[in-house]
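Please read the points below alongside the sequence and the coordinates.

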Amino acid sequence: MGEALQQQLAYVGYGLYLLLILAGGLAAVMSTSLVRALMGLILTLFGVAGMFLLMNAPFLAFMQILIYVGAVSVLIFFAIMLTKTPEGEAGAENMLEWIGLRAGLAVLAALTPAIIMATLIVKKAPAALALKPEVTLAQLGEFLTGPFVLAFELISVVLLAAMAGAVVLGFERRKGK
Amino acid sequence: MIIELLATPLGHTVAALVAILAFLGLNGLVMVYMERKVCGFIQLRPGPFEVGPRGLLQPVADALKLVGKQLVTPQGADALLFWLAPFISFAPVAICFLPIPFGPIATGMNMNLGLLLILAFSGLNALSLVLAGWGSNNKYGLLGAARAVAQSVAYEVPLLLSVLAIAFQVGSLNLSTIVEGQKGILSWNLFYQPLAFVIYFISATAETNRAPFDLPEAESELTAGFHTEYSGMGFGIFFLAEYSYMIVVCAVATALFLGGYDGPFAPGIWWFLAKVFFLVLILMFFRWTFPRVRFDQLLNICWKWLIPLGLANLIATALVMKLVQ
């Protein structure tokens, strides 16, 4: 494939993923239904995964989908299902009045960084960065167990504490019955 | 011109996707027939035999009936989420097929992280099930969705553990590399990792919601679970997706444990398909042989047996690999 075509495709991909992220974010903020908001979140997560792919980091992209879309969002869904209120979702009528205001705020929140970035980019246009070579899985592992071993171990301690907490909570609930 | 276009990576991927979709459509018909014949065989009856020679045209008639039916959205349902669910269920399947090496050349996309891609995108199936259950505004659907979440989240863990054992052993997540390492029946990973194979196959049965683990759609308790409200092709797409996921899990099992396209005489792709459909046949025999488990039994099998065994297997594999080095 020609270099120029590849460049063009990269722009198209970037625009597409950007659109996905923004559309997902808007859907998450604007919808009155919690589940639809969750769908917006998932759309955004997909867009971010696409951005990772564009930056030649497929491992991160697939992990994003595996963990955030496949596991975390399903757990959020579970939480929504367990807390379902029978008559619609909290204050659905009042929401309508809020939508206009919230839409304005959302657009503002999205536009402010965009305007600042755009002025910066227009004033000092940086040269397009060359695509970094893909970091292999082996390299990633060596980094995690080498220079970043402290952070890695700290995260595992946090996860262990969370798991132990979950088990303790489970046992207490059982005693209560 | 077309040959040149096919030679580029992009052209190859597009051609592979088209071929995969054609294969999936045909596969749906074949597997409907296969399932009904296997069911008939086990229940001592002939199965479909009226339509066409030996009932061969029965799935075509079924498909035409499904396509012709009216699509109904239940009252009070969230129509957007309700109709989104079948598509989320089916769309990722085509991507899951891309890295599967059907033959030395017949690989959609030879990528280093192919196994991870399959695991990531097959996880979307759980999402589609909960969406379907939630969106249809039906208590059976909601119960089915709740079961689907608990089941798929639980069984993803042993599935990953068993796949990781093979990844540890081969040192790669590239399915083509894993298949290349298995030449001749004695070097198949099945003989090095029998425990991982058993764990993988049980978890895969649960992940594809096949009986005896079909609790999200248990017809004797939940009418039809998450797809109770779907009519016509809404149901048809769920069905197609279920059969396609069966092919995905069996193809991954073939590539990981059964030597992929390794075999004498015939070209590799026939061996691959033969092994895949052999595993599919075993899945079908499971369905009509074992009674459905209870929900607590389902979760106990996973958390008390498969996950500890998978962890032990993983640690043992890592130790052996370290010693062999």
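1. In this note, patches are made of residues with over 30% relative accessible area and no salt bridge, like charges being joined within 9 Å and nonpolar side chains (Val, Leu, Ile, Met, Phe, Trp, Tyr) within 5 Å. The model is a predicted one, in which local features need pLDDT of at least 70 and side-chain atom pairs count only at pLDDT 80 or more, whereas totals for chains, interfaces and linings use all residues. Residues are numbered from 1 along each chain as its sequence is written, chains are lettered from A and ligands numbered from 1 in the order in which they are written, and side-chain values use heavy atoms, with hydrogens and water left out.

2. Leu5(A), Leu9(A), Leu10(B), Val14(B) and Val18(B) form a nonpolar surface patch of about 440 Å², with accessible areas taken from the Shrake-Rupley method with a 1.4 Å probe and, for residues, only the protein chains shown counting as cover. At least two residues of this patch come from each of α1 (3-30) of chain A and α2 (9-42) of chain B, where helices (H or I, at least four residues) and strands (E, at least two) are DSSP runs numbered from the N terminus. The largest share, three residues, is supplied by α2(B). Leu9(A), which sits in helix α1 of chain A, is partly exposed because its relative accessible area is 39%; buried means under 20%, exposed over 50%, and partly exposed in between (1.4 Å probe, protein chains only).

3. Chain A has six helices and zero strands, and its elements run α-α-α-α-α-α from the N terminus on. Of its 177 residues, 18% count as buried, and the accessible surface of chain A comes to about 12,800 Å², with 75% belonging to carbon and sulfur atoms. Among contacts in chain A with a separation of 6 or more, 61% are between residues 24 or more positions apart, a contact meaning heavy atoms within 4.5 Å.

4. How many residues does each chain bring to the contact between chain B and chain A? Chain B gives 24 residues and chain A gives 24 residues. The area buried between these chains is about 2,400 Å², and carbon and sulfur atoms give 86% of this; buried area is the accessible area (1.4 Å probe) that two parts lose on being put together, summed over both. Of the area that chain B buries against chain A, 25% is supplied by Leu113(B), Leu127(B) and Trp134(B), more than by any other three residues. On the side of chain B that touches chain A, the elements giving two or more residues are α4 (79-97), α5 (114-122), α6 (124-135) and α7 (139-170) of chain B.

5. Over all chains the count comes to six salt bridges. In one of them, the side chains of Glu35(B) and Arg210(B) meet at 2.8 Å, N to O, linking helix α2 of chain B to the loop between α10 and α11 (219-222) of chain B across 175 residues. Glu35(B) also meets Arg287(B) in a salt bridge of 3.4 Å, N to O, and Arg287(B) lies in helix α13 (residues 268-289) of chain B, 252 residues apart from Glu35(B). Glu35(B) counts as buried because its relative accessible area is 4%, whereas Arg287(B), at 23%, is partly exposed.

6. Arg210(B) has a further salt bridge, to Glu242(B), at 3.4 Å, N to O. Glu242(B) lies in helix α12 (residues 232-257) of chain B, so the pair ties together parts that are 32 residues apart in sequence. Both Arg210(B) and Glu242(B) are buried. Through shared partners, salt bridges join Glu35(B), Arg210(B), Glu242(B) and Arg287(B) into one network.

7. Ser203(B), in helix α10 (residues 194-207) of chain B, counts as buried because its relative accessibility is 0%. A polar atom of the Ser203(B) side chain lies 2.7 Å from the backbone oxygen of Ile199(B). Leaving aside residues up to four places away in sequence, Ser203(B) touches Tyr155(B), Pro158(B), Leu159(B) and Leu306(B).

Terms used. A salt bridge is a side-chain nitrogen of Lys or Arg within 4 Å of a carboxyl oxygen of Asp or Glu. A polar contact is a pair of N or O atoms within 3.5 Å; within protein, one must be able to donate a hydrogen and the other to accept it, and residues adjacent in sequence count only if both atoms are side-chain atoms.
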